[in-house]
Amino acid sequence: AGLCILTCTIIVAAWSDVPGLLEGAHEGHGLGHAFLRHISRCRVLLHLLDGTSPDPIGDYKAIQLELELFNPALLDKPQVIAYNKIDLPDSGDYWEFVREYLVDEEGVDPQRLFPVSAVTGRGVREVVGAVRRVLDELGPAEVAPETNALNLTSVPRRFAPEARIDKFEIEPDPQQLPGGSRLFYIRGEAVERFAQMTNWDYYEAVKRFQRVLEVSGINAALREAGCKAGDTVSLGDVGEFVYNDEQSEAATYGAWLQDMEARGRNRQGGSKWPTPR
């Protein structure tokens, strides 16, 4: 629990610190399930972004994806976002770009997005005040009695029915292409939206997308439909990619590097890269 005093106003709130969710947390990686279940009991989520990260926008998307894959209802919780280390040039120089992207492309409320510095204290007061305002808007929490599994008459649904990442369709009868390969069509609102938000110039983003294909069941469905390495997969109207059934990091990096070279793009993202074998 935390106790804050701002301008003679006592703000009492219970704060839950979730230190760095790992990608794959929804599958239980690290302390993923324990952290995510804890988040489920929180009323407001305070998302702390590291402004010195090579890709703070990608980090934001990664956490949003982990929340959605565990339980889409978590995305309905109000969020306040703090962009940390604003006092450092590597962070401060990109704040306006990150802010504009999150507001315009991700639909983040600009009134709940703040530059902060844990070192200088800049923005901390504003963040705490924003959390308090959100809690005031929500009103008192409704306390519902809980029961245990022995009293349940049916298995509760963990996922909301709308726009699930694992809700997709592979159209039958793939199109034959010159050279013997085939074109498979996939339709799915959530996975198409995620592909549209992916920055293909970042290796980390491509790895994240590959993980989505795996955990959503799309890779397994493609294999069952007869998709082979070298076939083309079209994701709705978003774009297409060449399917590769080799999922190792070296293979993923090699395919990404070939795509970058073909498009004449420079490598972006992490400072250390795997070596394709």
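Is Glu96 buried or exposed? At 52% relative accessibility, Glu96 counts as exposed (over 50%; buried is under 20%, partly exposed in between, with a 1.4 Å probe and protein chains only). These views come from a predicted model, where local features need pLDDT of at least 70 and side-chain atom pairs count only at pLDDT 80 or more, while totals for chains, interfaces and linings use all residues. Residues are numbered from 1 along each chain as its sequence is written, and side-chain values use heavy atoms, leaving out hydrogens and water.

View 1. Strands here are DSSP runs (E, at least two residues), numbered from the N terminus, and two of them pair if DSSP finds at least two bridges between them. E8 (residues 182-187) runs parallel to E9, joined to it by four bridges, and Phe184 sits opposite Val233. E10 (residues 239-242) pairs with E9 in the antiparallel sense, again over four bridges; Gly239 is the bridge partner of Leu235.

**View 2. The E9-E10 hairpin.** Three residues lie between the strands, and Gly236 takes a positive phi near 55 degrees.

**View 3. Lys85, a non-glycine with positive phi.** Its phi is about 65 degrees. Look for Lys85 in the loop between strand E4 (79-84) and helix H3 (89-92); helices are DSSP runs of H or I, at least four residues. Lys85 is partly exposed because its relative accessibility is 30%.

**View 4. Asp173, in another loop.** Asp173 lies between strands E6 (169-170) and E7 (175-176), with a positive phi near 55 degrees. This residue is exposed, at 72% relative accessible area.
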